[in-house]
Amino acid sequence: MTESNCTPARFHVICADLPAPPLFWRDKDGYRHGYESDVARQLSEALKLPFKFEYQNWGDFYPALDAGKGEVILCGQGISAYRKTLADFTEPYAIFDEAVMVLAGSGITSAADLAGKRVGAIDKSINMALAETFEGCICVPFGGDTDDVLADMVNALREGKIDAFVDDDVALVPLADEADLELAFVVKTQNKWGMAVKKGNPAWLAQVNEALAMLKSTGKLKVTWEKWMPALEYPFS
């Protein structure tokens with residue numbers, strides 16, 4: 001996209017290249033699976049634009065969007081007041097609650113148990129905003145400037161550098177199968193996830209919203225949700 005307020009000639013999707021099932025991950029042949037991956041492909045078909053995943057570190061998403069490396073960010077972006085200062089957002093394609101991950105046997109089962117504890121979350125994220133509401137806890141920000149920020153938080157937990165971390169429940173459910181980890185509790189925040197679009201192009205934002213609305217109205221989004229996340233209730237019925 002070479003100028004503002006125009007339709008791009010492509011649909012390159014800025015996202016992270018890390019394993020975060022059921023949202024996204026790549027197999028040994030490089031094919032990207034998961035809910036967000038399929039939604040991106042379906043949107044490109046609806047928009048009739050050539051498609052590509054544009055891999056960036058989490059902390060580089062918005063600079064990459066501003067630099068024109070992709071037309072949208074579609075990668076775990078809960079819509080927050082802070083993120084709205086960085087980009088415009090589409091209507092939501094997902095809605096999730098948040099959860100707290102701890103070491104198995106930690107005894108942490110509620111927000112009250114986090115007083116005096118070190119709680120990690122991605123810096124300036126909606127997860128960090130939730131962590132900041134836990135009275136008496138010590139918030140530890142993770143910058144997202146590495147290849148795998150989720151793994152960074154898991155490793156910090158296992159190494160005793162933090163006592164817990166916050167992420168969206170959909171990202172943490174698979175980790176709960178690890179013998180040394182457990183979900184302490186879930187907070188019913190119902191955070192809306194949207195695609196970020198570079199500011200100043202309302203026509204393009206409207207086109208992406210129209211394509212997303214078509215996926216919802218035809219039932220394609222529901223089918224994709226239930227394929228990858230059958231245990232979670234589809235939020236747009």
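A residue is called buried when its relative accessible area is under 20%, exposed when over 50%, and partly exposed in between, using a 1.4 Å probe and protein chains only. The structure is a predicted model, in which local features need pLDDT of at least 70 and side-chain atom pairs count only at pLDDT 80 or more, while totals for chains, interfaces and linings use all residues. Residues are numbered from 1 along each chain as its sequence is written, and side-chain values use heavy atoms, with hydrogens and water left out.

**Aromatic rings**

Rings of Phe, Tyr and Trp (its six-membered ring) pair if their centres lie within 6.5 Å; planes under 30 degrees apart count as stacked, over 60 as edge-to-face and the rest as tilted. By this rule there are 13 aromatic pairs. Phe53 and Tyr55 are stacked, because their ring centres are 6.3 Å apart and their planes meet at 25°. Phe53 is buried, with 14% relative accessibility, whereas Tyr55 is partly exposed at 26%. The pair of Trp225 and Tyr234 is edge-to-face, with 6.0 Å from centre to centre and 75° between the planes. Both Trp225 and Tyr234 are buried. One aromatic cluster includes these two residues together with Tyr35, Tyr93, Phe96, Trp193 and Phe236.

Charged side chains also meet rings. A charge sits over a ring if NZ of Lys or CZ of Arg is within 6 Å of the ring centre and within 35 degrees of the ring normal.

| Charged residue | Ring | Distance to ring centre |
|---|---|---|
| Arg32 | Phe53 | 5.1 Å |
| Lys216 | Phe236 | 4.2 Å |

**Helix α8**

Helices (H or I, at least four residues) and strands (E, at least two) are DSSP runs, numbered from the N terminus. Helix α8 spans residues 220–228, and its buried residues are Leu221, Thr224, Trp225 and Trp228. These residues lie on the same side of α8, because they cover an arc of only 100° around the axis, taken from the directions from the helix axis to the C-beta atoms. Val223 and Lys227 are exposed on the face turned away from the buried side. With contact meaning heavy atoms within 4.5 Å, the buried residues of α8 pack against β2 (25–26), β3 (32–33), α1 (35–47), β7 (94–103) and α7 (202–217).

**Cysteines**

A disulfide is a pair of cysteine sulfur atoms within 2.5 Å. The whole structure contains 0 disulfides. For Cys75, the nearest cysteine sulfur is that of Cys15, 5.6 Å away. Cys75 is buried, at 0% relative accessibility. The sulfur of Cys139 has its closest cysteine sulfur in Cys137, at 3.9 Å, which is too far for a bond. Cys139 is partly exposed, with a relative accessible area of 28%.
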